[in-house]
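Hello,

I am passing a structure on to you today, along with some notes on what turned up in it.

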Amino acid sequence: MNSINFEERGGGTTTENHDDLCYLEKINEQSILDNMQHRFNSGQIYTRIGEQIISINPFNNKHVTEQKDQRLKQTYRNKYMYEMSPHIYQLAEDTYKKMLQTGTNQCIIITGESGSGKTEASKIVMDYISHYHPQSSSSTSSTPSSSTTPNRQRYNRNNNHNHNNQNSTTSIMKRILDSNILLEAFGNAKTQRNENSSRFGKYITIQFDAAGVPLGGKITQFLLEKSRIHSRAAGERNFHIFYQLLTNQSLVERFKLNSDPATYNYLGNDSGSVSKSTVNDRDGFQSVLNSLESLGWSTEETDFLWRILCAVLLIGNLEFEVDTNKNVDSVFIASQDTLLRIAQLLECDASMLEKALISRSLTTEAAAAVHPARLEAGKHPNYESSEMEQQKFTLKHYAGPVTYDLEHFIAKNRDPLNQDILATLQLSNDPYLSALFPSLNCSGNRKIPTMAGHQFKQSINELIASLQQCQPHYIRCIKSNDEKQPSNFNQSLVRNQIRYLNIVETVRVRKAGYCQKYHYTKFFSRYKICCPTTWNPKYDKSVKEGCNEIIKSILPSHERQSECFFGVKKIFIKSARVLYLFEKQRQDNLPKAAIAIQRVWRGYLARCWFKKELEKLKLQKEEIQRQLLQKRSAVKISEVYYRYKMRSLIAKLAPWTQAPYYNKGRQMPTLWRVKRQFDDYLVLIQRAWWAHVKVAKLTAEQRSLIRQKVLALDLFGGGGTLRKKEWDPKRRFLADYLNNDSNPKKAQYVQAIQSLFPSGDDKEILFADNVIKVNKRGKCQLRTLIITDQHIYKYDPKKYTRKKVGLKIHLIVALSSSSKRDTFLAIHFKPPVRDLFIDLGCDAVEKVSEVATILVQQVFKLTKNTIPLLLREPVTFNNSRDSRNSGTDWVISFSPYAKKETQRQCTFTKGKTNAAIVYYQESE
Ligand SMILES: Nc1ncnc2c1ncn2[C@@H]1O[C@H](COP(=O)(O)OP(=O)(O)OP(=O)(O)O)[C@@H](O)[C@H]1O
Ligand SMILES: [Mg+2]
């Protein structure tokens, strides 16, 4: 934002070049004039009085170039009034901003005499607004129509059509500007005072949405100077469009026109100023064509326009002659060709048209509507009748005295068309033309046609009513000179305008008065954001005190009293500068407030969400707790019941815990509703416990025996698929069967053992007995087999001498036996050590299980390997190999004795090469 130094601008007295006239030291006509001239001479055509803008017409093209300069418009954008030098842009910006901020209707009233620049000022405003919204699409069309025109419906229909055809990219503002071009062509004319004088009043309405985007527009025109068609003051022109039309060669040819305006009575001019006109009609017509196209007029519609214009021009050229053949005063149309051409263009009946043009019905009431005699009768102080010419009178208007010529007074004031002409036009075959003149009431209710004066009054009343609904903004236009010369400041002309525009009074009132007043509540609600105390939601003091608080926070103490006045209901703010300070402070604080509000709102939303979620969670929790409670009580009940069941069961199990028999062999009771597996485990536990009780009572020796028995049970008793039938689990393992009194050679045996131990590393006898050994030729030999902890020795059973060296136990790789009732065992050694095949049933007692168990146990002790005991038929072994010779396997099959044999447990019978049969005794 531009920083401004108000002291500098307002305080100077020597230069007297203030952009606000309120800053003038002395306020009078001269000081204002000087200030304005000073500014005008330095190229500053705009000055302000508070919020009003005074624009002095410079008659140069500066504003045209300015309008093309988008950057200049940009500098005014979003600025406050006192931030920028006065300009129409600044007023437009202020108006636009007020509309957005307050949401109320705003209007800009442009006043000034003819040629002072009102039309140009209005274009500058619209240009600025359109710069704001270059892309806004049209949803409603702006039209050169009066809200009171009867043909409005038709226009609306056309507009809809236009709207459909027109792409929506055409902005509302462009359409308004285009309509304006048409209005200027048809409603503006060169006058003595202004080359482009608007000959009608104009009220442009633009509707915006809440975001400030133009939604639609409407141009209401009133009081077009229709009489200009047929008569105007010397040196003036008809409406531009007629001259423009004649510049277009193709239209001139098509309608058989003459391109020289002088050939048309309506366009010809006594003083010849037409040719001197500076207006470029050719360019003007091109703009009209472009606008028509841009507004979406169809070819038929534009064609109709040209036909009407031609007809009007030709009507001016009709020649009327007095009909001398008739007794009464009457006229006839001499130029019948022209009449026919007109009838053709208007598509109406030529004779009817002729009749309408030469005869006239007058209503006396209408003619009597306005009469100067009435004014005279009033003897008003501002009324003066000329003594020289009785036919003229002068009214002293505010802007100056105006002399009225009564000659055409009534004719000019009479607005309505002759009834006959109306009827002719209504009956036209041209649908556009007949639609322009809808039929008069057929009911015979003849209203007095309205006079121009009456219409004027009505229009002004309507305009005032519309303006009263808006907050006004003013642009006062001043003409710098009558000669339309650039940089020419005519003091007396401007002084006159200053006088009748009431500028001195305006400045005085503005300076003495207050630029803005607010109800306390409105002021408070608008500016409470400027002060932290009042912005606090807990602020609880009165609104008036709040306003004071706000002012204190913004204005320095010396300015508070002079700038703000506290009334009964309202607060008055002296200068726009202070108002600007409030606005600026508010604008600066708005984003902070927006963030704060957003924060609170988001917080609120989050809390709402959290509350909801919490509520949900609570419900969930309660549900879970309820379920848990149900579960817990169920669990509790089942626990208690289970314990009770267990107690009664344990009571039942008591006999299984009592010595000496622990209810052995009895079926344990099944647990109630406990899985079978648990039953099984319980049985195992009970057995283990029972075993533990039993084992605890055994000696170490007994325990080792038990271990052997358990191993024997594993080996022979059923772990495998086969079971050695000849196996007696009840037989006790005695280990040494020779150190026994039943052995007649016991002494010799003991001696042999005693000589054995010191010679080697053997320490104990694990087994000793006489066995039958099968040699490599299949011959059975009786031997004493001694198994120590390290070796297997074969001794001669008669002398107890050792045969060969002992076989190392740790070289045993497997044992094999049949599953039958024989007593043979094959001991397999790691080659080349030969296998052993021995019969362990010499004294008719089974000792296979004992030897196998001892060997498995001992090999495990020495090597930590568990050697397999293979129970299968045939049994094969190799006892003929040595280190050089691999030898041959014996294949032994097993068969029971054919007859009962009591002598021996079993017999080895050699068959053909290395095959043999072991006969055994079947069970009794
Ligand atoms: N701001 C301006 N800068 C330069 N020239 C201007 C400016 N305003 C007006 N003019 C010139 O003055 C001429 C008359 O201005 P304009 O038509 O706006 O007057 P007006 O007040 O509308 O008059 P009327 O009441 O006759 O319609 C314009 O054609 C233009 O040449
Ligand atoms: Mg104008």
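Let me start with a question: which residues of helix α22 (residues 491–500) are buried? They are L493, V494, Q497, I498 and Y500, where buried means under 20% relative accessible area, exposed means over 50%, and partly exposed lies in between (1.4 Å probe, protein chains only). The cover over these buried residues includes α2 (29–41), β13 (471–479) and α23 (503–512).

Before going further, a word on the source. This is a predicted model, in which local features need pLDDT of at least 70 and side-chain atom pairs count only at pLDDT 80 or more, while totals for chains, interfaces and linings use all residues. Residues are numbered from 1 along each chain as its sequence is written, chains are lettered from A and ligands numbered from 1 in the order in which they are written, and side-chain values use heavy atoms, with hydrogens and water left out.

The chain as a whole

The chain has 924 residues, and 42% of them count as buried. Its secondary structure comes to 32 helices and 28 strands; these are DSSP runs numbered from the N terminus, helices being H or I with at least four residues and strands E with at least two. Taking contacts between residues at least 6 apart in sequence, 61% join residues at least 24 apart, a contact being heavy atoms within 4.5 Å. The chain exposes about 52100 Å², of which carbon and sulfur atoms supply 53%; accessible areas come from the Shrake-Rupley method with a 1.4 Å probe, and for residues only the protein chains shown count as cover.

Around the two ligands

Ligand 1 has 18 residues around it, and N60, S114, T119, S197 and S198 come nearest. A residue counts as near if one of its heavy atoms lies within 4 Å. By class, this shell has three nonpolar, twelve polar and three charged residues. Here Ala, Val, Leu, Ile, Met, Phe, Trp, Tyr, Cys and Pro count as nonpolar, Asp, Glu, Lys and Arg as charged, and the others, Gly among them, as polar.

Oxygen atoms of ligand 1 lie 2.7 Å from an N or O atom in the side chain of K118, 2.5 Å from a polar side-chain atom of S197 and 3.3 Å from a polar backbone atom of N196. Taken alone, ligand 1 exposes 620 Å², and the protein buries 88% of that.

Ligand 2 is a magnesium ion, and its protein donors are T119 (OG1) and S198 (OG), 1.8 to 2.0 Å away. The pair links distant parts of the chain, with T119 in helix α6 and S198 in strand β5, 79 residues apart. Donors are N, O and S atoms within 2.8 Å of the metal (3.2 Å for Na, K and Ca), and water is not among the atoms, so sites may look incomplete. T119 is buried, with a relative accessible area of 15%, whereas S198 is partly exposed at 25%.

A loop with a buried serine

S818 lies in the loop between β21 (812–817) and β22 (824–829). Is S818 buried or exposed? S818 is buried, with a relative accessible area of 0%. A polar contact of 2.2 Å joins the side chains of S818 and D822, and the backbone nitrogen of K820 lies 3.0 Å from a polar atom of the S818 side chain. A polar contact is a pair of N or O atoms within 3.5 Å; within protein, one must be able to donate a hydrogen and the other to accept it, and residues adjacent in sequence count only if both atoms are side-chain atoms.

Backbone details

The peptide bond from P831 to P832 is cis, with omega near 5°, and P832 lies in the loop between β22 and β23 (836–839). Another cis bond runs from E873 to P874, with omega near -15°; P874 sits in the loop between β24 (869–871) and β25 (875–877).

F59 is not a glycine, yet has a positive phi of about 50°, in the loop between β2 (52–57) and α3 (62–68). N502, in the loop between α22 and α23, has a positive phi near 60° and is partly exposed, with a relative accessible area of 27%.
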